[in-house]
Amino acid sequence: MAERLRIFVSATNDLEADRAIIGRAMASLPVQIGAEIRRTPVDGAKYDDIYELIADVDRFYFLMGRDITAPAGAEWHLAWQLERSVLPLRHSDRLTPAAKEFMHRAKLAGWQPFRNSTELARIITLDLARILNHATNRYGLNLSELELLNLHADRIKRTIVSETKDPGGAEGGGVLLDIGHQEPMDGVALDER
């Protein structure tokens, strides 16, 4: 049975609106998959609740803006403690001294810079395509879907990055349902031949 792709998006306060780009990138994929995009609720959460949100995700996106803010720092540390797959992304604006210190202490060389929402969407789309091409096909894509996904990724790689103003998408997190790869909640699946 196909697994649901679980993603957590952590962002500093100045990149709050950029969370939506991840939902938009996922929705623009040429394949339908079950996916869940998580975040710490806007009104806050207890440490244990944030732990539960991050504990079983497949990918943790960290969007670093000009300054480190709460709860992004706590989410970052939890993701590393829980050994989640982290993709750190950094907006190319100038960093505050606190942000520089945070990145220095993070001791991670793989920060991917982006200048605008189009570049961020490009990075996320290519990352999602790589994740969905899982060696054991965790996400239940058939051969033609994998080919479509790879063609889409190749097209994205060749596109020129331009500025986009309105990110749109699922800013507050969400669940994308994949009806084609799920078994019914109750009852028996019927063969449609």
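## Fold

The protein chain of this predicted model has six helices and six strands. Helices are DSSP runs of H or I with at least four residues, strands are E runs of at least two, and both are numbered from the N terminus. From that end the order is β-α-β-α-β-α-β-α-β-α-α-β.

## Basis

Residues are numbered from 1 along each chain as its sequence is written. Local features need pLDDT of at least 70, side-chain atom pairs count only at pLDDT 80 or more, totals for chains, interfaces and linings use all residues, and side-chain values use heavy atoms, without hydrogens and water.

## Burial and contacts

The protein chain has 193 residues, and 44% count as buried (under 20% relative accessible area, 1.4 Å probe, protein chains only).

Take contacts (heavy atoms within 4.5 Å) between residues at least 6 apart in sequence: 80% join residues at least 24 apart.

## Nonpolar cores

A nonpolar core is a set of buried Ala, Val, Leu, Ile, Met, Phe, Trp, Tyr and Cys residues joined through side-chain atoms within 4.5 Å. The largest holds 32 residues, and Leu-5, Tyr-61, Leu-89, Leu-128 and Leu-132 have the most contacts inside it. Elements giving two or more residues include β1 (5–11), β3 (59–64), β4 (86–91) and α6 (143–158). The top contributor is α5, with eight residues.

Beyond its neighbours within four places in sequence, Tyr-61 touches residues including Ile-7, Val-9, Ile-22, Leu-89, Asp-127 and Leu-128, by the contact criterion. Another core, of 19 residues, lies apart from the largest one; Phe-60, Trp-76, Leu-78 and Ala-79 are among its members.

Key: Buried < 20%, exposed > 50% of the residue type's maximum accessible area, 1.4 Å probe, protein only.
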